[in-house]
Amino acid sequence: MNTQIKIEKCDKPYCVIHTEAESDDIKAIAEKISSMDESGRATMLTGWDGDYCIQIKQNEIFRIYSMDKKVYLETEKENLLLKLRLYEFAELAEKCGWTDFIRISNTDIVNFSKVTNLDMSLTGIVRVNFTNGKSAIVSRRYMSKIKRELLNLKNR
């Protein structure tokens with residue numbers, strides 16, 4: 001694929017794709033480009049509510065979770081289907097520099113900027129409480145990794 005950068009005065013960078021015909025590959029490229037900021041990092045994800053495609057900013061996401069072999073993203077108002085696997089979202093978050101997202105179990109990745117506190121019960125269950133009043137359970141297997149990640153967040 002040929003590329004060209006043209007320098008001109010404009011408010012924000014924009015991209016134009018010249019092609020003979022619109023295809024699924026071209027649509028995928030356009031969708032990826034439109035979800036990036038000026039530094040090339042993705043700032044939005046696409047969630048699905050039935051047939052409707054909804055763009056969600058990464059700072060609006062409370063958690064990404066899997067249920068019934070599907071992956072969902074939870075926002076303040078709704079849960080949307082995400083057409084990524086959990087590990088693909090984790091790779092995307094790392095590549096994009098989204099350091100607030102930490103895996104807390106095999107089924108959950110949490111945005112710690114939306115967490116109010118960690119509730120530790122006497123039975124050893126650790127619960128992550130979100131600013132929207134909802135919560136998620138932390139797997140014991142992930143506790144040491146979570147502690148490391150939280151220390152890294154604190155030191156930034």
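## A tour of charges and rings

Start by selecting Arg-63, Glu-74 and Asp-108: a network of salt bridges links these three residues. Keep in mind that you are looking at a predicted model.

**Stop 1: Arg-63 and Glu-74.** Show the side chains of this pair and you'll see them meet in a salt bridge, at 2.9 Å from N to O. The two residues come from distant parts of the chain: Glu-74 sits in strand β4 (residues 70-74) and Arg-63 in strand β3, 11 residues apart. Are they buried or exposed? Both Glu-74 and Arg-63 are buried.

Stop 2: Arg-63 has a relative accessible area of 15%, and the cut-off for buried is under 20%, so Arg-63 counts as buried. Asp-108 is buried as well, at 7% relative accessibility.

**Stop 3: around Asp-108.** Stay on Asp-108 and bring up its surroundings. Which residues is Asp-108 in contact with, leaving aside its neighbours within four places in sequence? They are Arg-63, Ile-64, Tyr-65, Leu-86, Ile-102, Arg-103 and Ala-136. The 2.4 Å approach between the side chains of Asp-108 and Arg-63 also counts as a polar contact.

**Stop 4: Arg-63 over a ring.** Arg-63 lies over the face of Tyr-65, at 4.1 Å from the ring centre.

**Stop 5: Phe-62 and Phe-130.** Time for the aromatic rings. How many aromatic pairs does a search of the whole structure find? The search turns up 5 aromatic pairs. Select Phe-62 and Phe-130 for one of them: the ring centres are 6.0 Å apart and the planes are at 85 degrees, so this pair is edge-to-face. Phe-62 is in the loop between β2 (52-57) and β3 (63-67), while Phe-130 belongs to strand β9 (residues 126-130), so to speak a link between distant parts of the chain, 68 residues apart. Phe-62 is buried, with a relative accessible area of 1%, and Phe-130 is buried at 3%.

**Stop 6: Trp-98 and Phe-101.** Next, pick the rings of Trp-98 and Phe-101. Their centres are 5.9 Å apart and their planes are at 45 degrees, so the pair is tilted. Both Trp-98 and Phe-101 are buried.

Stop 7: Return to Phe-62 and select Lys-114 along with it. Where does Lys-114 lie? Lys-114 lies over the face of Phe-62, at 5.2 Å from the ring centre.

**Stop 8: Lys-6 and Glu-8.** The structure holds 4 salt bridges, and one of them is at this last stop. Select Lys-6 and Glu-8, and you'll find their side chains meeting in a salt bridge, at 4.0 Å from N to O. Is Lys-6 buried or exposed? Lys-6 counts as exposed, at 65% relative accessibility. Glu-8 is partly exposed, with a relative accessible area of 39%.

How values were computed:
Residues are numbered from 1 along each chain as its sequence is written. This is a predicted model: local features need pLDDT of at least 70, side-chain atom pairs count only at pLDDT 80 or more; totals for chains, interfaces and linings use all residues. Side-chain values use heavy atoms; hydrogens and water are left out. Rings of Phe, Tyr and Trp (its six-membered ring) pair if their centres lie within 6.5 Å; planes under 30 degrees apart count as stacked, over 60 as edge-to-face and the rest as tilted. Helices (H or I, at least four residues) and strands (E, at least two) are DSSP runs, numbered from the N terminus. Buried means under 20% relative accessible area, exposed over 50%, partly exposed in between (1.4 Å probe, protein chains only). A charge sits over a ring if NZ of Lys or CZ of Arg is within 6 Å of the ring centre and within 35 degrees of the ring normal. A polar contact is a pair of N or O atoms within 3.5 Å; within protein, one must be able to donate a hydrogen and the other to accept it, and residues adjacent in sequence count only if both atoms are side-chain atoms. Contact means heavy atoms within 4.5 Å.
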